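Work through the exercises below with the sequence and the model open. Try each task before reading its solution.

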Number of protein chains: 2
Amino acid sequence: MSVFDIQNYLKERKSLIDRALDRYLRESKKHSQTLYRAMHYGVFSGGKRLRPILTLAAGELFGGKHKLLLPFACALELIHTYSIIHDDLPALDNDDLRRGELANHKIFGEGIALLAGDALLTEAFHLMSRPQVVQVLRPKLVLEVLHEMAHAAGIGGMVGGQAVDLETEGQDVNIATVEYIHVRKTGALILTAARVGARIGGATPKDLRRINRYGEFLGLAFQIADDILDAKGHGGGRERQGEGRDGERKKATYPSVVGLAASKARLQELLQHCLKEIELFGKDADPLRGIARTVVERAL
Amino acid sequence: MSVFDIQNYLKERKSLIDRALDRYLRESKKHSQTLYRAMHYGVFSGGKRLRPILTLAAGELFGGKHKLLLPFACALELIHTYSIIHDDLPALDNDDLRRGELANHKIFGEGIALLAGDALLTEAFHLMSRPQVVQVLRPKLVLEVLHEMAHAAGIGGMVGGQAVDLETEGQDVNIATVEYIHVRKTGALILTAARVGARIGGATPKDLRRINRYGEFLGLAFQIADDILDAKGHGGGRERQGEGRDGERKKATYPSVVGLAASKARLQELLQHCLKEIELFGKDADPLRGIARTVVERAL
């Protein structure tokens with residue numbers, strides 16, 4: 001029996017996504033060179049493509065074709081990139097570095113960085129609604145999926161989580177508040193990445209519910225793993241350079257509330273939940289298994 | 001023959017739109033109180049609702065029902081509001097006042113203002129793709145309209161125009177560049193407001209082309225009128241307080257390149273083009289006529 005090679009899988013899918021992202025972005029080049037360069041720099045500055053790979057993996061499980069999955073996978077990465085660019089601005093986290101490179105606003109200035117984030121978010125919806133997508137998928141399904149994406153990215157998801165995170169900065173918070181923030185700020189987009197793949201791939205309602213639970217556990221696990229890396233000063237937290245930044249800021253993190261050991265135990269538990277939900281899919285779910293293990297094990 | 005009362009029409013439609021906006025925003029209240037308040041403050045701080053009224057007026061001309069038009073009309077206003085909030089941030093125009101009131105970031109802080117803008121943009125797409133819309137309109141039409149909105153708001157429209165505006169700040173530009181910026185920064189969303197109304201209302205391709213030209217002329221006229229008010233220091237420019245702000249910044253404006261008299265002449269000419277395009281619709285187009293006159297005459 002051959003062992004599934006998750007590293008190779010991640011590498012191949014990342015390459016597929018990078019090519020598609022580059023192709024989509026190029027269409028913007030004619031409008032504003034500076035803005036295009038800022039968008040391109042943001043999208044191609046070392047992201048691991050977790051969200052879009054998750055969409056492909058969940059889609060493939062149900063026989064979804066890459067051609068149908070890629071616009072949605074890439075839209076998720078555009079949304080993720082915009083959130084990073086805005087997050088690094090002085091108005092929010094004021095980070096000069098991201099993944100060891102200069103943040104967008106340090107290269108292009110705050111104004112262009114702000115606009116590049118705005119353009120990437122808008123472009124995500126432009127991409128999902130393009131004629132090429134509508135021709136090959138049921139328009140009603142496209143709208144439902146787009147609606148889920150908007151929910152996950154908006155006040156009921158990512159942006160809402162960021163706002164509560166900002167509001168509670170410097171306060172003593174309990175673990176329920178930490179989970180509330182994590183589930184929205186990071187979890188919503190990861191959950192949606194898995195759900196959207198499954199939906200485009202044609203999952204039955206029952207299978208979608210399994211993928212939904214897998215995605216919920218994975219989303220929370222991802223943020224706890226990030227918190228742990230941050231606490232250890234490994235620069236993993238939100239992929240920042242620097243040491244234990246969220247700790248310095250007194251942001252709500254898992255280890256700061258329940259400690260490192262309990263955080264790791266929770267992470268192990270979430271991984272087991274993830275694996276259990278997709279157990280019955282057998283070998284076909286190896287990519288989803290590998291993704292969950294990769295997310296968790298970097299922090300253990 | 002009774003004379004059409006445009007002031008009353010604008011007042012009634014504004015009231016309809018305000019109620020719908022309030023209703024949609026309320027759905028966000030449960031997620032983050034602070035963010036909701038910042039979004040609500042932005043949306044209800046004195047906007048005249050030109051864009052959504054234009055959508056209603058263009059839709060009504062072809063028999064479109066308010067219930068079908070309002071989600072798109074309101075989405076346009078959410079997009080317009082987000083652009084104003086981000087525009088006022090220190091990263092861009094650094095304005096403390098907007099329409100005589102404190103700018104969003106002066107009340108809620110830069111971080112929440114940034115996120116409120118992000119949330120409003122996302123909410124626009126959430127609103128257009130909601131199940132209530134998909135149930136009453138052909139999903140394919142909804143996607144096409146949503147795609148137009150994303151184009152008008154993104155790098156090919158508003159944000160692209162803002163970027164070029166920012167890049168050329170302080171430079172000597174010719175009238176072609178000024179028009180390029182105006183058509184995108186302001187024109188695209190106004191054009192799309194008219195187009196979307198007509199499409200939801202069920203305009204024929206031929207009628208849509210007329211509305212398209214009306215919208216193009218109106219969009220450019222709107223920005224030239226704004227430039228003229230700005231140059232006169234009437235605080236009309238982008239609805240700002242203050243005197244001649246865009247002039248102080250050496251931003252590309254119509255009067256600064258061709259002078260006040262030529263700008264006014266161009267405005268008159270654009271109004272005549274607008275009126276000519278909708279002439280054959282007779283009395284039914286009185287609201288579109290009244291809107292064009294209102295936009296232009298404030299600057300003459």
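**Exercise 1. The interface**

Task: How many residues of chain A are in contact with chain B, and which helices supply them?

Solution. 43 residues of chain A are in contact with 43 residues of chain B. Contact here means that two C-beta atoms, placed from the backbone, lie within 7 Å. Next, list the elements that give two or more residues to this side of chain A: helices H2 (33-43), H6 (110-128), H8 (139-153) and H9 (158-167). H6(A) gives the most, with 12 residues. Then sort the residues on this side of chain A by class: 22 are nonpolar, 15 polar and 6 charged. Nonpolar covers Ala, Val, Leu, Ile, Met, Phe, Trp, Tyr, Cys and Pro; charged covers Asp, Glu, Lys and Arg; the others, Gly among them, are polar. Helices (H or I, at least four residues) and strands (E, at least two) are DSSP runs, numbered from the N terminus.

The model is predicted: local features need pLDDT of at least 70, side-chain atom pairs count only at pLDDT 80 or more, and totals for chains, interfaces and linings use all residues. Residues are numbered from 1 along each chain as its sequence is written, and chains are lettered from A and ligands numbered from 1 in the order in which they are written.

**Exercise 2. The symmetry**

Task: What rotation superposes chain A on chain B?

Solution. Superpose by least squares on the C-alpha atoms of residues with pLDDT of at least 70 in both copies. The rotation is 180 degrees, with 0.0 Å of shift along its axis and an RMSD of 0.0 Å. The two copies are therefore related as by a two-fold rotation axis. In chain A, the C-alpha nearest the axis belongs to Pro139(A), 2.7 Å from it. Both copies use the same surface: 100% of the contact residues of chain A recur in chain B.

**Exercise 3. A helix and its cover**

Task: Which residues of H9(B) are buried, and what covers them?

Solution. Count the other C-beta atoms, placed from the backbone, within 10 Å of a residue's own: 20 or more means buried, 12 or fewer exposed, and anything in between partly exposed. In H9(B), the buried residues are Met158(B), Val159(B), Gly160(B), Gly161(B), Gln162(B), Ala163(B), Val164(B), Asp165(B) and Leu166(B). That is 9 of the 10 residues of helix H9 (158-167) of chain B, so the helix is largely enclosed by the rest of the structure. The cover comes from both chains: it includes H2 and H6 of chain A together with H4, H8 and H10 of chain B.

**Exercise 4. Two helix pairs in chain B**

Task: At what angles do the axes of H8(B) and H10(B), and those of H1(B) and H3(B), cross?

Solution. Under 35 degrees counts as roughly parallel, over 145 as roughly antiparallel, 65 to 115 as roughly perpendicular, and the rest as oblique.

- The axes of H8 (139-153) and H10 (175-201) of chain B come within 9 Å and cross at roughly 170 degrees. H8(B) is therefore roughly antiparallel to H10(B). Residues in this contact include Leu141(B) and Val145(B) of H8(B), and Leu189(B) and Val196(B) of H10(B). By class, the contact has 10 nonpolar, 1 polar and 3 charged residues.
- The axes of H1 (6-26) and H3 (50-61) of chain B come within 10 Å and cross at roughly 105 degrees. H1(B) and H3(B) are therefore roughly perpendicular. Leu10(B), Arg13(B), Lys14(B) and Ile17(B) of H1(B) meet Pro52(B), Ile53(B) and Leu56(B) of H3(B). The classes are 5 nonpolar, no polar and 2 charged.

**Exercise 5. Loops and positive phi**

Task: Where do Arg99(A) and Asn94(B) lie, and are they buried or partly exposed?

Solution. Arg99(A) lies in the loop between strands E1 (97-98) and E2 (101-102) of chain A. Its phi is positive, about 50 degrees, although it is not a glycine. Arg99(A) has 15 C-beta neighbours inside 10 Å, so it counts as partly exposed. Asn94(B) is in the loop between helix H4 (66-88) and strand E1 (97-98) of chain B. Phi of Asn94(B) is near 55 degrees. With 13 C-beta neighbours inside 10 Å, Asn94(B) is partly exposed.

Terms used
Axes fitted to C-alpha atoms, helices over the stretch in contact; angles between N-to-C directions.
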